[in-house]
Amino acid sequence: MKKSIVVLAVCTLTIGIAATSCNNSAKKVENAQEEVIEANEELDEANEEYIEDMNEYRRETAERIAANEKSIAELKARVENEKSEARAEYNEKIAKLEQRNSDIKKKLDDYKAEGKESWNTFKAEFNRDMDELGEAFRDLTVKNNK
């Protein structure tokens, strides 16, 4: 009788441990699945922010490029009032600015989404190029106004 009680207790304990172990594994799998779903949602959100950032930057830059094109047209109109020697020099400088502006526009249009890190690098380089071009415009207009 004692022996059967001990055997019964051991069997009950073994079954209890096995059942608890199975539940922990099932809970672990369930938790892992929830974490994967959450990570995918965060990734989707990050991708949406990345694409939104790209589109916003492209809009802003397109406006700056359009402003540059307007400045080029204004410079061309101003140059018409210059002496012929100065006009040739200014037209050459304006043509270079026009080409640089066109190259920058093409560079932006040709950029393909390659990841956020690549985008940040591209954006930094592009901003530097745009700033240099803006400085070249200012230099030309300052010389032109003298």
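Predicted model: local features only at pLDDT ≥ 70, side-chain atom pairs only at ≥ 80, totals over all residues.
**Exercise 1: the overall layout**

Work out which secondary-structure elements the protein has and what share of its residues is buried.

*Solution.* Start with the elements: there are three helices and zero strands. Reading along the sequence then gives α-α-α. Next, burial: 19% of the 146 residues count as buried. Finally, take contacts between residues at least 6 apart in sequence: 74% of them join residues at least 24 apart.

**Exercise 2: helix α2**

Compare the reach of helix α2 with the expected value, then list its buried residues.

*Solution.* Helix α2 covers residues 84-110, which is 27 residues. From first C-alpha to last, α2 reaches 38 Å, close to the 39 Å expected at 1.5 Å a residue. Its buried residues are Tyr90, Ile94, Leu97, Asn101, Ile104 and Leu108.

**Exercise 3: Asn68**

Decide whether Asn68 is buried or exposed, and find what its side chain pairs up with.

*Solution.* First, locate Asn68: helix α1, residues 2-79. Its relative accessible area is 12%, and the cut-off for buried is under 20%, so Asn68 is buried. Now skip neighbours within four places in sequence; the contacts left are Asn101, Met130, Leu133 and Phe137. Phe137 sits 69 residues away in sequence, yet the C-alpha to C-alpha distance is 8.1 Å. As for Asn101, its side chain makes a polar contact with the side chain of Asn68 at 3.0 Å.

Note on methods:
Residues numbered from 1 in each chain as written. Heavy atoms only, no water. Helix = DSSP H or I, 4+ residues; strand = E, 2+ residues; numbered from the N terminus. Buried < 20%, exposed > 50% of the residue type's maximum accessible area, 1.4 Å probe, protein only. Contact = heavy atoms within 4.5 Å. Expected span 1.5 Å × (residues − 1). Polar contact = N/O pair within 3.5 Å; in protein donor to acceptor, adjacent residues only side chain to side chain.
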